[in-house]
Amino acid sequence: MKKICEDFQVRSIEPLSTRHWLMRLGTENPLPEMLPGQFVQVRIDNSPSTFLRRPISINMVDYHTNEIWLLIAAIGEGTRHLVQLKPGDLVNCLLPLGNSFTLPASPDDQFLLIGGGVGTAPLLFLGKKMVEMGVKPNFLLGARTAAELLETDLFRQLGDLYLTTEDGSAGEQGFVTNHSILATKHFDRIATCGPKPMMVSVARYAKANGIECEVSLENEMACGLGACLCCVENTTEGHVCVCQEGPVLNIKKLLWPL
């Protein structure tokens, strides 16, 4: 798959919560093919303490406007600097990187897409691809509070949306693996991204119920190209670089205690 490294222009940047931002980046050049689950490596300019690019999941792609969306959690020096950019500023991106989620083989496949926090980012693009294939996705999103649930209106436009919050301020109270939909509806496949403890719980549920499940790992990365061995994950097939063989892996390959 073709990769590019070029400057994108910030077309808009808007806060979605106190620490989450949606950045839309555009270019005059045609975008390469991108798939749900892939990510970009963003260069952070004019930040003396930030030396490495930051890996950020592709939230959405619009080929008509040559635009990509990035959902950014401003939690470190690099990402805090990134969300301070203004429309018209340039951002250098290397993309697309990594592999992708498995797409439906049949319109009858029942997919459940489970996301937590900023981990919901790649699931919006995945849901859009599924709708284009004639498959209606089911989304199960979780956060600590209602204010931290992201892009819910966009998810509702694509499929059925179920919510959980730890404080009960939206949807059902508790974690995503406690939601009643898991006990009332059959699913053929699960795709999940979010905090590792959440994904481990989802993987346990999937394994116990014989459901195919893929997780998008968020190991720390440096180069994004498989050269630095910073993001290695131990699997049934040995040590693999998450930036190359991942970030999406089937739970059958993981050595998690399930």
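Let's start with phenylalanine 139, which counts as buried at 0% relative accessibility. Keep in mind, everyone, that we are looking at a predicted model. And what about phenylalanine 155, buried or exposed? Phenylalanine 155 is buried too, because its relative accessible area is 0%, and the cut-off for buried is under 20%.

These two residues belong together in another way. The structure holds one aromatic pair, and phenylalanine 139 and phenylalanine 155 form it, edge-to-face, with 4.8 Å centre to centre and 65° between the planes. The pair links distant parts of the chain: phenylalanine 139 belongs to strand E8, residues 138-143, while phenylalanine 155 is in helix H3, residues 152-158, and they are 16 residues apart.

Now, on to the strands. Which strands does E1 pair with? Strand E1, residues 4-15, is joined to strand E6, residues 90-97, by six bridges, and the two run antiparallel. If you find cysteine 5, you will see leucine 94 of E6 opposite. E1 also pairs with strand E2, residues 20-26, again antiparallel and over six bridges. There, valine 10 stands opposite leucine 25 in E2. E1 and E2 make a hairpin, with four residues between them.

One more hairpin before I stop. Strands E13, residues 232-235, and E14, residues 238-241, pair in the antiparallel sense over four bridges. Two residues lie between them in this hairpin, and asparagine 234 has histidine 239 in E14 as its bridge partner. Thanks, everyone!

How values were computed. Residues are numbered from 1 along each chain as its sequence is written. This is a predicted model: local features need pLDDT of at least 70, side-chain atom pairs count only at pLDDT 80 or more; totals for chains, interfaces and linings use all residues. Side-chain values use heavy atoms; hydrogens and water are left out. Two strands pair if DSSP finds at least two bridges between them. Rings of Phe, Tyr and Trp (its six-membered ring) pair if their centres lie within 6.5 Å; planes under 30 degrees apart count as stacked, over 60 as edge-to-face and the rest as tilted. Buried means under 20% relative accessible area, exposed over 50%, partly exposed in between (1.4 Å probe, protein chains only).
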